[in-house]
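Good morning, and thank you for making time for this item.

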Amino acid sequence: MSANHSITRKPSTAKWRLGALLPLGAALSGVAFAAEPPAETSGNDEQEVVLEDVKVKANREKQANRFKAETSSTGSKTEMALRDIPQSVSVVKKELIESQNAFNLRDALKNVSGLTIAAGEGGRTGDSITLRGFAASSDQYLDGVKDNGQYNRDTFFIERAEVLKGASSVLFGRGATGGVINQVAKKPTGKTGVNGNFTYGLYDFKRTAIDAETAYQDLSARLNVMYQDAGSFRDYNQTSRWGIAPSFALKITPDTDLSLNLLHQQEEGVFDYGVPMYNGRPAGVPINTFYGFTDNRMMDTDVNVATVALTHRFNNDFSVKNTVRYGDYERKYLTHLFSGAAALTGANTGTIARTQALRQNTQENVYNQTDFVYKKPLFGFNNTLMFGSEFGWEDYDFKSKDSTGVDRISVFNPFVTASVRGLANDFSGTLATNRLTKAQYYAGYVMDQIELTPEWKLLGGTRYNVFDAQQFDRLSAAGSFSRSDAQWSPRGGLVYQPTKSQSYYFSYGNSFNPSAESLSLAANTANLPPETNNNYEIGAKLDFLDGRLSATGALF
């Protein structure tokens, strides 16, 4: 529900806009005001300020289609119409994200079919997403470049989120079995203005965000800032998050553009595994029941990402883009896990064992991507040729230290204490885990799309990948391993478009998952070759009601 109020004040007038809030019950959202100059008065006389009528017009067709995307940059190495991509692609636009108050990427992706959100299974922290039944935690991208650090991604600086479904190693290299998730960041548009909003909701949820732009001659800039603080329906749970994302665009020449995009995001929260299992099902206790230690609830994240992109157009047909990405991700937290099943008989009946550990993982990524696009008719057919290379390095450092003296706890009548007796609060002394993994990645690719007729389009390409990883165990030489893999990743597709509202396609794609894909090796995986996957897909993309309604379907 929203309302617009005009308020007469002395000596100035202000406009306030109030809008609907967030899930879990709402109070206030989108508060903004603009003050007008004070009205002239004589002596002590009061004068009422009467505003002129304001007429608001909106294009019905534009409003009706504001959630619908027509193109994607994830299904190819260039912006391409969705109907021309022989693969399933879902695009969640900024308008839909804002209308649903989806403040994190997980909530935004609930609009995507074939995608599920995990809750930390396997010890994974940060965003844990499954796409078409395959874990996609390491298949996260930002503006087409790998962003696989473990953190909770916010949407305050996101223009849209794109999901490419199906094997896609020809575009993205290792992984990409179920597909990839690509965030597209907000960029400077050359306009000048400021937008802001404030949100308040249940469990003392507070959030404010500002989006400001300016431009001067050939330089434009944009700044997105966010702060969020919230409680929880769970006892002793809270989160605090803030972020800043400045971006700059410089037109060096009419044919050369340089951009810089920065992201800094910090978060403080709680590692909470919820309620335990009892007799094969979740224990029948109130949902807010907490089983941890009130003073041992640390989960801190610090993320820094910098991206520089240089684009040059040699002519109307030929262009190149070189992108360099540096990412630094740090996560330090106290785990709180249940150990084994709850005791059903014996002296410990109705209790469950717990473990706690101090963990820290730091990750540094450096990637360079060079992409050429050549659009020129070939043998009388419209043709788009894409080729390029990619190389990068990833360093992943992981430490863990166990707490001691962690007592069992009653499942149905837990007595919560402030701290464990043998709390691990630093990494001095004996560690449970201390290892460093270094990975190097090199690849080259070529793809081509040919328009055989206005109705038929053919897409084909391949990529050659080399992935090397070395794991150094600082506690035991027996835990050090290395692995090197090389793999071809082909792709092919055929698109048939009998009308502008119909598009049918068949595609084939390949992906590979090396043992060290998630930057971890073990004795039983170090000698295994990559897992290879082949995806065959047939689908349709249809528009109805003059494009106001779209439907897609696929068999794979």
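Let me begin with strand β10, residues 140–142, which pairs with β11 in the antiparallel sense over two bridges. Within that pairing, Leu142 stands opposite Val145 of β11. Please bear in mind throughout that this is a predicted model.

The β10 and β11 pair belongs to an open sheet of five strands, ordered β6-β12-β13-β10-β11, with mixed pairing. At the edges are β6 (89–93) and β11 (145–146), each of which pairs on one side only.

Strand β24, residues 382–402, and strand β26, residues 433–451, pair in the antiparallel sense over 19 bridges.

Now to a loop residue. Ser76 is located between β4 (71–72) and β5 (80–81). Is Ser76 buried or exposed? Its relative accessibility is 5%, and Ser76 therefore counts as buried, the cut-off being under 20%. If neighbours within four places in sequence are set aside, Ser76 is in contact with Leu171 and Met386.

As general background, nonpolar side chains tend to be buried together in soluble globular proteins. In this model, the largest nonpolar core has 27 residues, and the members that touch the most others are Val92, Leu109, Leu115, Phe157, Val163, Ile181 and Leu263. Which elements give two or more residues to this core? They are the helices α2 (94–99) and α3 (105–108), together with the strands β8 (129–131), β12 (158–165), β13 (179–185) and β21 (299–313). The largest share, three residues, comes from β12.

Apart from neighbours within four places in sequence, Val92 is in contact with Ile97, Ala108, Asn111, Val112, Arg160 and Ala161. There is also a second, separate core of 18 residues, whose members include Leu337, Tyr367, Tyr396 and Phe481.

That concludes the presentation, and I welcome discussion.

Note on methods
Residues are numbered from 1 along each chain as its sequence is written. This is a predicted model: local features need pLDDT of at least 70, side-chain atom pairs count only at pLDDT 80 or more; totals for chains, interfaces and linings use all residues. Side-chain values use heavy atoms; hydrogens and water are left out. A nonpolar core is a set of buried Ala, Val, Leu, Ile, Met, Phe, Trp, Tyr and Cys residues joined through side-chain atoms within 4.5 Å. Buried means under 20% relative accessible area, exposed over 50%, partly exposed in between (1.4 Å probe, protein chains only). Helices (H or I, at least four residues) and strands (E, at least two) are DSSP runs, numbered from the N terminus. Contact means heavy atoms within 4.5 Å. Two strands pair if DSSP finds at least two bridges between them.
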